[in-house]
Amino acid sequence: MAGVNDVREEGSTADTASDTSGTSDTAAVRVADLGKRYDSDRQTVQALSGVDFAVDEGEFVCIVGPSGCGKTTLFRTIAGLESPTSGEVRLSGERVDGPGTDRGMVFQEYGLFPWRTVAENVAFGLEQQGLGGEERRARVREMLDLVGLTEFADAYPKELSGGMKQRVGIARALAVDPDILLMDEPFGSVDAQTRDMLHGELLDIWGATGKTVLFVTHDVEEAVTLADRVVVMAANPGQVREVVSVDLDRPRERTDAAFAEHVERIRALIGE
Amino acid sequence: MSEKDGTVGVGGLTAGTDGESGLLGRLLGGGDTEAETGGEGALRRLGLGVLGTAGFLVVWHLAAAAVGGILLPSPVAVAGAFVTELTAPATFTLPVLGVELGATRMLVKLVESLYHYVPGLLVGSVLGVAVGVAMGWSRALDAALTPVTRVLRPIPPLAWIAFAIIWLGVNHSGAAFIVGIGAFWINFYNAYSGVEGVPTDLKEVAASLGVDDDLTMVRKVVLPAASPSILTGIRTSIGQCWMIVVAAELFGAPGIGFQIINAAQNLAMDVSVAYMLVISAVFLVSDGLFRRVERRALEWRA
């Protein structure tokens with residue numbers, strides 16, 4: 001099973017379900033022996049092979065790996081935007097066979113609807129749920145408050161900075177109250193200072209909402225800053241090299257020796 | 001830089017008109033001083049525009065005086081004809097209702113043209129956008145109809161005139177048909193490429209937010225995302241369809257285009273040019289109005 005080695009040892013919560021030994025059928029996310037092969041006339045690419053791990057409810061898990069390790073393919077498969085060639089993804093025991101409102105998606109390039117204002121973007125999913133006027137407006141207000149964009153409710157995306165756009169993306173994803181927040185390099189397009197700020201905000205939101213978060217990144221420090229556990233991937237074919245637990249108190253300091261140790265360890269696994 | 005450009009432009013206009021360059025040179029000089037003291041680029045541009053127009057009219061006038069009124073009517077004669085046509089009383093009979101209305105000759109011709117321009121433009125645009133969106137969205141439809149559209153699209157609308165005449169006659173319907181064909185292809189192409197260019201990201205986000213049927217996806221994501229391209233198509237066809245109107249009327253349908261050729265056949269060249277200017281005026285007004293609508297509708301665009 002692709003060298004899964006959970007190094008978490010002492011006294012943290014609900015560790016049993018994150019074991020990959022098959023008892024985790026009701027885990028928030030269960031990726032089981034997942035494989036994805038792309039066949040074209042000239043060549044066959046094995047993007048993912050035997051990927052196997054589970055995420056507990058309320059857990060914050062980062063997926064890191066070098067480019068070409070299939071982390072985006074894995075993300076898209078969990079999102080239901082691609083179907084696996086072998087294995088499966090189960091969410092709370094239910095098999096994924098397409099996108100759904102149980103997973104809120106946040107993209108690197110924001111994916112905001114440019115013709116909708118900030119409030120209208122956040123309202124999009126609520127409209128699909130048929131939520132009526134006043135209720136919808138209240139929910140939108142609540143979400144904008146959560147991400148600190150109340151005064152930009154009527155602005156168009158073009159008027160916002162990258163960090164603000166991503167806050168809208170997060171608010172829009174959370175508005176429909178998904179079980180899981182799926183984030184694909186969400187802070188890859190913002191400057192370092194903004195990224196640090198957004199990390200703090202995301203952890204606050206995570207604490208406040210108790211959502212399960214699955215966060216794809218190529219930035220090892222980002223993963224160690226955020227995650228309860230880090231799924232480290234390797235390329236050719238894309239596979240899980242190891243799952244590393246990060247048992248450090250938050251907020252985490254990059255200058256901390258234990259922090260640096262985790263970063264070193266993961267970098268060594270990736271081969272950086 | 002622009003000072004030099006301006007000089008070259010006006011110089012170009014005055015080429016061949018002896019004796020006028022001195023005057024224009026002085027006018028240009030005056031314009032420059034004014035613009036410099038005003039310190040406004042826009043004012044300077046306006047001044048040069050007025051100068052350029054004046055230069056054009058002078059050249060036109062001199063050329064008309066040189067070749068005679070039949071070959072080229074003078075701007076003064078055209079202005080006179082324009083006023084006459086604009087004010088000469090005429091009556092207009094509403095086609096369906098049969099009610100006779102008092103108007104002026106130019107107004108009647110304009111309304112006659114609008115009688116095939118507007119329906120042709122509307123029906124052609126709506127069908128063009130609808131088919132373009134449908135083919136841009138549905139792969140099956142795209143595959144099935146692409147060979148047909150590839151063959152039909154290069155055919156100029158006027159090539160259909162024979163069919164327009166035998167199917168509908170030399171009347172408003174026949175001309176509207178030709179206009180409609182022109183509007184159809186312009187809007188078809190813009191809608192089609194607009195829909196094809198909708199970012200996959202947006203469709204995936206919408207799907208993850210609960211959009212699970214084609215109709216909702218088209219209405220709430222594809223159409224708004226493709227709207228800049230669709231609106232460009234409509235604006236292009238507003239202009240192109242005036243070209244088609246005039247061409248279609250040359251075959252006998254009543255309206256401004258017919259009036260252009262009719263006046264010319266009676267050697268009233270000044271009247272002919274006056275009606276050419278009507279086309280220009282109507283285009284400028286309708287294009288300007290639509291640009292406003294477009295700017296408002298696309299206010300969200302970066």
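Of the 302 residues in chain B, buried residues make up 39%, where buried means under 20% relative accessible area, exposed means over 50% and partly exposed lies in between, with a 1.4 Å probe and protein chains only. Before I go on, please keep in mind that this is a predicted model, in which local features need pLDDT of at least 70 and side-chain atom pairs count only at pLDDT 80 or more, while totals for chains, interfaces and linings use all residues. Residues are numbered from 1 along each chain as its sequence is written, chains are lettered from A and ligands numbered from 1 in the order in which they are written, and side-chain values use heavy atoms, with hydrogens and water left out.

Let me begin with chain B itself, which has 12 helices and two strands; here helices (H or I, at least four residues) and strands (E, at least two) are DSSP runs, numbered from the N terminus. Read from the N terminus on, its elements run α-α-α-α-β-β-α-α-α-α-α-α-α-α. If we take contacts, meaning heavy atoms within 4.5 Å, between residues of chain B at least 6 apart in sequence, 65% of them join residues at least 24 apart.

One residue I would like to show you is S125(B), which sits in helix 5 (residues 105-137) of chain B and counts as buried because its relative accessibility is 9%. Its side chain reaches the backbone oxygen of L121(B) at 2.6 Å, and, not counting residues up to four places away in sequence, S125(B) touches G120(B), A183(B), N187(B) and S237(B).

Now to the interface, where the contact takes 19 residues from chain B and 23 residues from chain A. The area buried between the two chains, that is, the accessible area (1.4 Å probe) that two parts lose on being put together, summed over both, is about 1,900 Å², with carbon and sulfur atoms giving 67% of it. On the chain B side, L209(B), K220(B) and W300(B) supply 36% of the area that chain B buries against chain A, more than any other three residues.

How many salt bridges does the rule find across this interface? There are two, a salt bridge being a side-chain nitrogen of Lys or Arg within 4 Å of a carboxyl oxygen of Asp or Glu, and one salt bridge joins the side chains of K220(B) and E127(A) at 2.4 Å, N to O. Helix 9 (200-208) and helix 10 (214-249) of chain B each supply at least two residues of the side that touches chain A, and the largest share, seven residues, comes from helix 9.

Finally, chain A contains an open sheet of four strands in the order 2-1-4-5, with antiparallel pairing, where two strands pair if DSSP finds at least two bridges between them. The edge strands, each pairing on one side only, are strand 2 (44-55) and strand 5 (94-95). Strand 1 (residues 29-39) and strand 4 of chain A pair in the antiparallel sense over four bridges, and A32(A) stands opposite E88(A) in strand 4.

Also in strand 4 (residues 86-91) lies L91(A), which counts as buried because its relative accessibility is 7%. L91(A) and A28(A) are 63 residues apart in sequence, yet 5.3 Å apart in space, C-alpha to C-alpha. Leaving aside neighbours within four places in sequence, L91(A) is in contact with several residues, among them A27(A), V29(A), V96(A) and I180(A).

Note on methods
Polar contact = N/O pair within 3.5 Å; in protein donor to acceptor, adjacent residues only side chain to side chain.
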